[in-house]
Amino acid sequence: MPTGTILVADDDAAIRTVLNQALSRAGYDVRLTGNATTLWRWVSQGDGDLVITDVVMPDENAFDLLPRMKKLRPDLPVVVMSAQNTFMTAIKASERGAYDYLPKPFDLKELVAIVGRALAEPKGKLGKSSPIDADTMPLVGRSPAMQDIYRVLARLMQTDLTVMIVGESGTGKELVARALHDYGKRRNGPFVAINMAAIPRDLIESELFGHEKGAFTGAQSRNPGRFEQAEGGTLFLDEIGDMPMEAQTRLLRVLQQGEYTTVGGRTPIKADVRIVAATNKDLRQLIQQGLFREDLFFRLNVVPLRLPPLRERSDDVPDLVRHFFALAEREGLPAKQI
């Protein structure tokens, strides 16, 4: 049976009641408050094993309180809830050291599971905060499908894990890759993108890894590849399913050994690059057809991320319309409304 004391802060009495019932049934001791002042007093006294808090409370915003709690008790896991369900809410929760972020309305079973995982986490392994000056919203939408993406992205920001983004054309794969870079720990490095479908197949290896002078006909000077250009940053490999087999083999070596050689070169070059790949194809089907290496697929598919098409998140259409109208207005077009 789980044990531990959970501190719950939310100015909505109904939510406090529901959380109290669910957590008490799960075996936890629960203490409830409707304000940040009481929560801070409990935390500063050393009370509680985990905090569940709403963002907006009558006396203080939880995002302002979180850094103080993490400074005083860095191993205290904090789960943040919010009805302001945007990409930036998830990022702010992550950068200020929250263990997890739950959009409202939330699933009670999921919340209880998160509490269990957080309390079982080894001390000192909880997420560390990282300052981000985020005043824009690169991803738009508040639908449940987008909320799942925001939460995954928030967890990935301070890692170098390889990400595979899958989605139909137009779902925003490069936008997500840029968000991973712009709000991650490599944001001070370059973001370099290459579209495999837009480059002649016989030039892809040279484009990726660079070439030496005289490596092939027309190579009149040394040319750095995308890996070298992306050093210290992020390399976005778009339409990875169109990569020819020879280039797949060289890419696999980079992922396995962390180094590569230029076309015509002999000296291995260390690669300090985060890889984000994307495709609108079924790579497993390409593997069965012998067109994509299975070992490369597993190296790239460390964190799979599926982007839903708009037909699966039609609730986001109003937000998207307002977003594009605002962009058009900034470009000098007259303001419009629907």
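Good morning, colleagues. The model is a predicted one, in which local features require pLDDT of at least 70 and side-chain atom pairs count only at pLDDT 80 or more, while totals for chains, interfaces and linings use all residues. Residues are numbered from 1 along each chain as its sequence is written, and side-chain values use heavy atoms, with hydrogens and water left out.

I begin with the chain as a whole. The C-alpha trace spans about 75 × 50 × 35 Å along its principal axes. Of the 338 residues, 47% are buried. Here buried denotes under 20% relative accessible area, exposed over 50%, and partly exposed in between, with a 1.4 Å probe and protein chains only.

The accessible surface of the chain amounts to about 16,700 Å², and carbon and sulfur atoms account for 50% of that. These areas come from the Shrake-Rupley method with a 1.4 Å probe, and for residues only the protein chains shown count as cover.

As for contacts, a pair qualifies when heavy atoms lie within 4.5 Å. Among contacts between residues at least 6 apart in sequence, 71% join residues at least 24 apart.

On charges, the chain carries 43 positive and 44 negative ones, and their mean positions are 3 Å apart. Lys and Arg count as positive and Asp and Glu as negative, without His or the chain ends. Each charge is placed at NZ of Lys, CZ of Arg, CG of Asp or CD of Glu.

I turn now to the sheet that holds E1. It is an open sheet of five strands in the order E2-E1-E3-E4-E5, with parallel pairing. E2 and E5 are the edge strands, each with a single partner, so one side of each has no neighbour in the sheet. Neighbouring strands are turned by 20° against each other on average, direction ignored. For pairing, DSSP must find at least two bridges between two strands. Axes are lines fitted to C-alpha atoms, for helices over the stretch in contact, and angles run from 0 to 180 degrees between N-to-C directions.

Let us follow the pairings across this sheet. Strand E1, residues 5–9, and E2 pair in the parallel sense over five bridges, and the partner of Val8 in E2 is Leu32. E1 also pairs with E3 in the parallel sense, over four bridges, with Leu7 opposite Val51. E3 and strand E4, residues 78–82, are likewise parallel, over four bridges, and Asp54 stands opposite Met81 in E4.

How many residues of strand E3 are buried? Five of its five, residues 50–54, are buried. Leu50, Ile52 and Asp54 point one way from E3, and Val51 and Thr53 the other way, all of them buried.

Thr33 lies in strand E2, residues 29–33. With a relative accessible area of 6%, Thr33 is buried. Leaving aside residues up to four places away in sequence, Thr33 touches Val8, Ala9, Asp10, Arg16, Thr38, Leu39 and Trp42. Tyr101 is placed in strand E5. Is Tyr101 buried or exposed? Tyr101 counts as buried, because its relative accessibility is 3%. Tyr101 and Val78 are 23 residues apart in sequence, and their C-alpha atoms are 8.9 Å apart in space.

There is another open sheet of five strands, with parallel pairing in the order E7-E8-E11-E6-E12. Its edge strands are E7 (191–195) and E12 (303–306), each pairing on one side only. The twist from one strand to the next averages 20°. E7 and E8 pair in the parallel sense over five bridges, and Phe191 stands opposite Thr234 in E8.

Finally, I note two points of backbone geometry. A cis peptide bond joins Lys104 and Pro105, with omega about -5°. Pro105 is found in the loop between strand E5 (100–103) and helix H5 (108–120). Glu239, a residue other than glycine, has a positive phi near 50°. Where is Glu239 found? Glu239 is in the loop between strand E8 (234–238) and helix H10 (245–257). At 9% relative accessibility, Glu239 counts as buried.

Thank you for your attention.

Conventions: Helices (H or I, at least four residues) and strands (E, at least two) are DSSP runs, numbered from the N terminus.
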